[in-house]
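Subject: Structure handover

Hello,

Here is the structure we talked about passing on. Please have it open while you read the notes below.

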Amino acid sequence: MSLNLNNILSDKQTLCSLSSGGQILYNHQDLIVLFNTAFTKKQNTVLVRGDHEPIYIPAKNAAQNHQVVFAHGYFASALHEIAHWCIAGQRRRLLEDYGYWYSPDGRDEEQQTEFEKVEVKPQAIEWAFSCASGKPFSVSTDNLNGAPVDKQVFHLAVKKQVLIYLESGFPSRASHFIDILHGFYQTVELRKEMFDA
């Protein structure tokens, strides 16, 4: 890994700490610092805590940064939105929300099937990010008020994609961020067994 994590976060900057039980307390500010240090100069992109729904906002001019906005300071939301950014190609990163269709909670069965198709890869990367952070992961079908969902089938599809990535390699920006998370959270390298839970 080309980044020296000691140079990225000083003791005063890092908000990751241990609870009295010895467990890591996760703070979104750590992710903001890690992401922005790694990608702002090279990719003109910043991670931003939002107050509402997550969104990707491309820069309107050369003086601005593209923004990966995650919801309400949630650690998992930040990982999920970073995962979407890691998959989006150069053209899509010039479009708001990468130009993707999105239908909110309350989707019918057909809409939910389409939603799950486009969510498999980002959720697989999010799962890898979670493991690299030492944090539990749960797939999200994001449809509490819609058609019934077979969460187990979706879980297996996401797991299958993670295993493909482990064998053939993650997208380059995702791989780089996984390395950064490993270094910061002092976690072990990803292995297939981690995704059996």
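A word on terms first: buried means under 20% relative accessible area, exposed means over 50%, and partly exposed is in between (1.4 Å probe, protein chains only). This is a predicted model, so local features need pLDDT of at least 70, side-chain atom pairs count only at pLDDT 80 or more, and totals for chains, interfaces and linings use all residues. Residues are numbered from 1 along each chain as its sequence is written, and side-chain values use heavy atoms, with hydrogens and water left out.

The sheet

Helices (H or I, at least four residues) and strands (E, at least two) are DSSP runs, numbered from the N terminus. Two strands pair if DSSP finds at least two bridges between them.

There is an open sheet of three strands, in the order β3-β5-β4, with mixed pairing. Its edge strands are β3 and β4, each of which pairs on one side only. From one strand to the next, the twist averages 20°.

Strand β3 (residues 45-50) runs parallel to β5, with six bridges between them. Threonine 45 has histidine 66 of β5 as its bridge partner. Strand β4 (residues 55-57) pairs with β5 in the antiparallel sense, over three bridges. Here isoleucine 57 stands opposite glutamine 67, and isoleucine 55 stands opposite valine 69.

How enclosed is β5? Five of its six residues are buried, so β5 is largely enclosed by the rest of the structure.

Helices on the sheet

Contact means heavy atoms within 4.5 Å. Axes are lines fitted to C-alpha atoms, for helices over the stretch in contact, and angles run from 0 to 180 degrees between N-to-C directions.

Helix α2 (residues 28-43) lies across β3 and β5. It runs at about 150° to β3. Helix α3 lies across β3, β4 and β5, at about 145° to β5.

Two loop residues with positive phi

Histidine 72 has a phi near 55°, a positive value in a residue other than glycine. It sits in the loop between β5 (66-71) and α3 (75-87). With a relative accessible area of 36%, histidine 72 is partly exposed.

Tyrosine 98 also has a positive phi without being glycine, near 60°. Its place is the loop between α3 and α4 (109-133). Tyrosine 98 is buried, at 3% relative accessibility.

Salt bridges

Side chains of opposite charge can pair when their charged atoms come close. The cut-off used for a salt bridge is a side-chain nitrogen of Lys or Arg within 4 Å of a carboxyl oxygen of Asp or Glu. The whole structure has four salt bridges. Three of them are described below.

- Lysine 117 and glutamate 114 meet at 3.3 Å, N to O. Both lie in helix α4, three residues apart, about one turn of the helix. Lysine 117 is exposed at 56% relative accessible area, while glutamate 114 is partly exposed at 38%.
- Lysine 159 and aspartate 196 meet at 3.2 Å, N to O. Lysine 159 lies in helix α5 (residues 151-168) and aspartate 196 in the segment after α6 (172-185), so the pair ties together parts that are 37 residues apart in sequence. Aspartate 196 is exposed, at 53% relative accessibility.
- Glutamate 193 and arginine 191 meet at 3.1 Å, N to O. Arginine 191 is partly exposed, with a relative accessible area of 41%.

Glutamate 126 is placed in helix α4. It touches Ala76, Leu79, His80, Ala83 and Phe137, leaving out residues up to four places away in sequence.

Cysteines

A disulfide is a covalent bond between the sulfur atoms of two cysteines. The rule applied is a pair of cysteine sulfur atoms within 2.5 Å. By that rule, the count is zero. Cysteine 86 is buried, at 2% relative accessibility. Cysteine 131 is buried too, with a relative accessible area of 16%.

Best regards
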